[in-house]
Amino acid sequence: ADLRTYHNNASVRLRWWPLFSAWVSTKQHCCADNYRMMRSTSRVSCAILCRWMVGLETTTAFTTSSQAAVPRITLDEFLAAPIHDKPIIIRDIASPDVIESLADDLMNTLGEEQIQMQNKIKDDDGKTITEIYDISLFESVEYMMDSEHGDSFFAFVEGLLPSSTTARLHKQLIDIREAPYPHQENWFDYFPENIRPSDALILAGEGSTSTLHRDPFEWKGTSLCLEGVKIWRFIPTPATVDGGVEKVDKELQSYRLDSIAWEQEENQQSNPLVLSAGWQSDMTLYDSIDEDFPTAFEWATMEEENNDLFRNEIISQGSDSSRIRPSSEASNALKNIDETTRFVTATQFAGDLLLIPAHCWHQTYAPVPSIAVASQRCGVSDGAKVVRHVIDMTKMNDRAEVPDLLQQREYKEEGIGKQVVSELLSFAIDRNTANR
């Protein structure tokens, strides 16, 4: 691999690199020399060194524009006082050994699968072009290691989980993400397999971003980080009489995208039925970064030297909107949405489970290469939103015809999910057939 070199042509050994290089060299029979990573003798940026030397006394210089942070709590704390209406990180939901084993199993099992990787390149005029590469999952690791802000690699891969070869792995992932919801239904289990959402594998190289969006179906989203670090920015929904989340949609100039994962491919009338659509904006919360913002290799050096400092710094700098800046149009939109709290930041480390409620606009940034598994759930706390979304999407607007069970403003009883889903899908298909 033609890996980038830094400063004095020496590379910093990423903490997770031995695992990655083993996957790639074993499966692709590449020469080990191509993946040799040495401990760095290169400099870490002057700003970071200065902060080490003065014992973090200069922290305020970097944090004057820091935003509110998503709480980091333990699983026990969440179970004692569940939070459903705000983003929350359940930290260290599984041990480091378990998380590393899951990442290893995932790559070893699915490494030969073909995926599409995006390469986003920003030109001198600030315009971004996107190129798509059809490569194997193993090859994507090589691309991730050659990623940087302005020339980044990112993949959002659906359809690999679950599969016939990943049953044990998928069961482990389910057990982890369902740990916050013991003895509670996931209503998506009652959807037919061809319209049931699948997990998404997310691969992000340094400097890459997701789109700015809010999720289809208004479900509860989850993200389990297996490797690296992810920075999330959430736009709070204003509790106002002039629009709520619709105000955010409008200010971000959002548009709707049918969710392919939720498109019923066929029914008795062979008439496709789209059950959901997400919201997306072309604005970005990560338009530019300071020149001395640490590279992935510099972050790795810091982590090896002082892990506590590394975690504090990446949290501090990742939440600082003067270090990683939104686009001007995004900044204006955020100001119009809420003068006081522009966005809320979460820093997700390997082993963290992030819970994302409905109506929550968000976008991610990768300061270092990362691997995560995204999924979704629906239970009694989310069920009414999901039902209303399907009714709106399938244009069943005559509420007089909607069964009483589907018109409830909330559901409280466990065990009702199967009945609600069955009635919802039957009614949707019947109405769709009648409107053909």
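Me: Let's start with two helices. Why is the crossing of H5 and H7 called left-handed?

Reply: The term applies because the near helix is turned anticlockwise from the far one by less than a right angle (clockwise would be right-handed), and the crossing of H5 and H7 is left-handed in this sense. Before we go on, note that this is a predicted model, in which local features need pLDDT of at least 70 and side-chain atom pairs count only at pLDDT 80 or more, while totals for chains, interfaces and linings use all residues. Residues are numbered from 1 along each chain as its sequence is written, and side-chain values use heavy atoms, with hydrogens and water left out.

Me: What makes H5 and H7 helices with those numbers, and what angle do they pack at?

Reply: A helix here is a DSSP run of H or I with at least four residues, a strand is an E run of at least two, and both are numbered from the N terminus. H5 covers residues 96-110 and H7 covers residues 167-177. Two packed helices are described by the angle between their axes and the distance between the axes. For this pair the angle is about 145° and the axes are 10 Å apart. Axes are lines fitted to C-alpha atoms, for helices over the stretch in contact, with angles from 0 to 180 degrees between N-to-C directions.

Me: Which residues make the contact between H5 and H7?

Reply: Contact means heavy atoms within 4.5 Å. On the H5 side the residues are Val98, Leu102, Asp105 and Leu106, and on the H7 side they are Arg168, Leu169, Gln172, Leu173 and Ile176. By class, that gives 6 nonpolar, 1 polar and 2 charged residues. Ala, Val, Leu, Ile, Met, Phe, Trp, Tyr, Cys and Pro count as nonpolar, Asp, Glu, Lys and Arg as charged, and the others, Gly among them, as polar.

Me: Now to accessibility. Why is Gly351 called buried?

Reply: Buried means under 20% relative accessible area, exposed over 50%, and partly exposed in between, with a 1.4 Å probe and protein chains only. Gly351 is at 1%, so it counts as buried. Gly351 lies in the loop between strand E17 (344-349) and strand E18 (353-356). Not counting residues up to four places away in sequence, Gly351 touches Ile90, Arg91, Asp92, Ile93, Ala94, Ile99 and Cys225.

Me: What makes His359 and Leu75 partly exposed?

Reply: His359 is at 24% relative accessibility, so it counts as partly exposed. His359 also has a positive phi, about 70°, without being a glycine. Leu75, at 22%, is partly exposed too. Leu75 is found in helix H4 (residues 75-80), and it touches Ile90, Ala179 and Pro180, not counting residues up to four places away in sequence.

Me: Why is Pro216 called buried?

Reply: Pro216 has a relative accessible area of 15%, so it is buried. Pro216 sits in the loop between strand E8 (212-214) and strand E9 (220-227).

Me: What makes Leu161 to Pro162 a bond worth a look?

Reply: That peptide bond is cis, with omega near -5°. Pro162 lies in the loop between strand E6 (151-161) and H7.

Me: Last one: how many helices and strands does the protein chain have?

Reply: The protein chain has 13 helices and 20 strands.
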